[in-house]
Amino acid sequence: MSTTTPPGLNPYRAVLLVGRREFVSRVRTRSFVIGTIVIIAMIAGYVLLQTFLFSQNNKDRVGFTGQATVLGQPLKQTAETLGKQVEIQDVTSLDQGETLVRDGELDALVSGAPDALRVTVKDDLDEPLRAALNAIVQQQVLDAQLAEAGLDPRQVRQNMADVKVEVNSLEPADPQRGERLAVGLMIAFLLYFSLAGFGTMVAQGVVEEKASRVVEVLLATVRPWQLLTGKILGIGAVGLVQILIIGAAGAGLASATDVLTVPSMAFSAVAAGVLWYLLGFLLYATVFAASGSLVSRQEDTQSVVSPTLMVIMIAFVAGFSLLAQDPTSSTVAVMSLIPPFAPILMPSRMVLGVAPAWQVGLSVVLALAAIGVLIWLGGRIYANAVLRTGARVKLRDALR
Amino acid sequence: MAEGVLEIDRISKRYGSTVALQDMAFTVRAGELFGFVGSNGAGKTTTMRIVLGVLAADSGEVRWGGQPVGFETRRRIGYMPEERGLYPKMKVLDQLVYLAELHGMPANQALRSAETWVARLGLRDRRDDEVQKLSLGNQQRVQLAAALVHEPEVLVLDEPFSGLDPVAVDVMSEVLREQAAAGVPVVFSSHQLDLVERLCHRIGIVRNGQMVACGTVDDLRTGGGTRLVVDVPNARPGWTDGLPGVTVVSVDGTRSVLELAAGGDDQAVLNAALATGPVREFSRHQPSLTELFRNVVTQESGDKAV
């Protein structure tokens, strides 16, 4: 009778059981699978677009015919110093070349004598290519005149090559800034999406248990903190899996397509994203759970989670617009240290390379401190409010 | 003595100025089916929620086997909340296994027990369906399985019979009888008084947060005096005047219902009846639980008038 002790349920097993249920039941849902696929498709679309634009802009095919054929290699080299990739092709006749240009097979056809070049294009000549061709023509004329004056063109060219302006940049621009900005904003978006989405899921889960009264059955055998911890860890793990899948897909795509000049950047971006997802989720999850515990009907969930969603949205919108304008913005720097905003802004700044180590460290410490406070406070509200069904529980009553 | 006994010892609960429970007290012994009846809002659900620790009492104590019910003992109670508590989107079997495991059963035992109850309650075809896709009656069966799956030592069921079809009522009754026979104290609330009367060993009637009557149906009957039905066609009105301890409850044509105070002599009434002429009917009336209950409710409105 009362002396027989049933098989024990230690707190860890309780948390594990709750967490496992949350994880399994959510990973299987269609919305999770579709959400993940949509985001990967968006990243893939972005990467492919970039690759496409890249190949469009930077690789010109130039045909050479007649005497101009000798200028193929010099053009390629000159264009390269101007940051332009040129593919050269020898064309047997002017007519054939013109046909190729008309069909779009060639971007430009160069013909005529080296000192009187003619370029045939479909509509307009690309500016860097024009500059490169002009430079070559001028070089040809210069060489001829130097030779006439009895100088060795090669020697003169050598001397000229040695003379350059020395550039002393006070704030050196990062050659990968554009890419970094793109990746940084993508991380900000991903974190915004995950924190808002999985945070809301925590609140909905709490309300679902309250609305269906299953919480009464559960709390007869597990303690509120065990239920809350299991729920947060379970849903958090679902979000983590999604971020890892998306991160791996993004990094894989980026390195497979050369869209990033430094592929390792993708991996450090994923690492920063994962770190801040974990901190951000822990920061927000108890707030969402506590908010959810105040109401008893699914229809009321939206009204209690919206203040928290608003904070996440502010971090995202402010961060997105300010960072895109000026990554070194001091407003963003300050915001990225404040716990509620840090999970979205700090990883973007880390990826942009504008966050000094001390700021990263400080923001992590502040976030951890805030997590401690919010878990304590949120756990208290949750434990007090989760069994009160009926009207919305006042925050003041829940804190008592 | 206290072994296997669930004792609800003078628990009280107020919500602001409203008294939900006042010194609610009763015991349920091992192997006993205890029916908990009362009007809506009388305090049945509040009492059960307090037993389960879902709600905290302002004062009083709930004991199981002589020990105050705490967190660890609560795990051994099987509970069926009034508004049902299941995950709507979880499959029947998964749900039962999960609840069994949460109550401390190892995984394989939980699965075995869940399968047993699914089969026992006729849910085998629905074991892989989501709970929300089941009919209300079937959801109720799952709910009962959820209360039983961890092999509880006490059962506390809030309205287990509401919304069940007659077949399901029989299944539920049989399961509850079995559990009681196995030594489990079973408490359940219900508005189906005929069912409670048939099924329960003892009954408690609650009114305004207090237990107003508690005992076997026979105990409850003896409390209220005896009623006699007498059909005397030739009697004049007032033929019972002068008989000690007799009051007329109602007269319908030649048929009278008389109330005999405790200790009154029914043979004296019979003699008086025979003195008026032929007696077509003379019987002791056994009030049903419904009538007893109605008495209590009538008393309630009487109390209020005072």
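1. Chain B is divided into domain 1, residues 6-217, and domain 2, residues 221-305. The model is a predicted one, and the points below should be read with that in mind. The C-alpha centres of domain 1 and domain 2 of chain B lie 39 Å apart, and the contact between these two domains takes 12 residues from domain 1 of chain B and 11 residues from domain 2 of chain B.

2. Between domain 1 and domain 2 of chain B an area of about 1,100 Å² is buried, and carbon and sulfur atoms give 64% of this area. On the domain 1 side, B:Leu193, B:Arg207 and B:Val217 supply 50% of the area that domain 1 of chain B buries against domain 2 of chain B, which is more than any other three residues.

3. The elements of chain B that give two or more residues to the side of domain 1 that touches domain 2 are strand E3 (33-38), helix H7 (193-199) and strand E9 (202-207). By class, the residues on that side of domain 1 of chain B divide into seven nonpolar, three polar and two charged.

4. Turning to the interface between the chains, 29 residues of chain A are in contact with 32 residues of chain B. Chain A and chain B bury about 3,000 Å² between them, with 57% of that area on carbon and sulfur atoms.

5. Three salt bridges are counted between chain A and chain B, and one pair that forms a salt bridge is A:Arg20 with B:Glu101, whose closest N and O atoms are 3.0 Å apart. The count of residue pairs in polar contact between chain A and chain B, with both residues at pLDDT 80 or more, is nine.

6. On the side of chain A that touches chain B, helix H1 (11-27), helix H7 (177-211) and helix H8 (214-218) of chain A each supply at least two residues. Helix H1 of chain A gives the largest share of that side, namely six residues. Sorted by class, the side of chain A that touches chain B has 14 nonpolar, six polar and nine charged residues.

Definitions and conventions. Residues numbered from 1 in each chain as written. Chains lettered and ligands numbered in written order. Predicted model: local features only at pLDDT ≥ 70, side-chain atom pairs only at ≥ 80, totals over all residues. Heavy atoms only, no water. Contact = heavy atoms within 4.5 Å. Buried area = accessible area lost by both parts, 1.4 Å probe. Salt bridge = Lys/Arg side-chain N within 4 Å of Asp/Glu carboxyl O. Polar contact = N/O pair within 3.5 Å; in protein donor to acceptor, adjacent residues only side chain to side chain. Helix = DSSP H or I, 4+ residues; strand = E, 2+ residues; numbered from the N terminus. Nonpolar A, V, L, I, M, F, W, Y, C, P; charged D, E, K, R; others polar. Domains from an automatic or database assignment.
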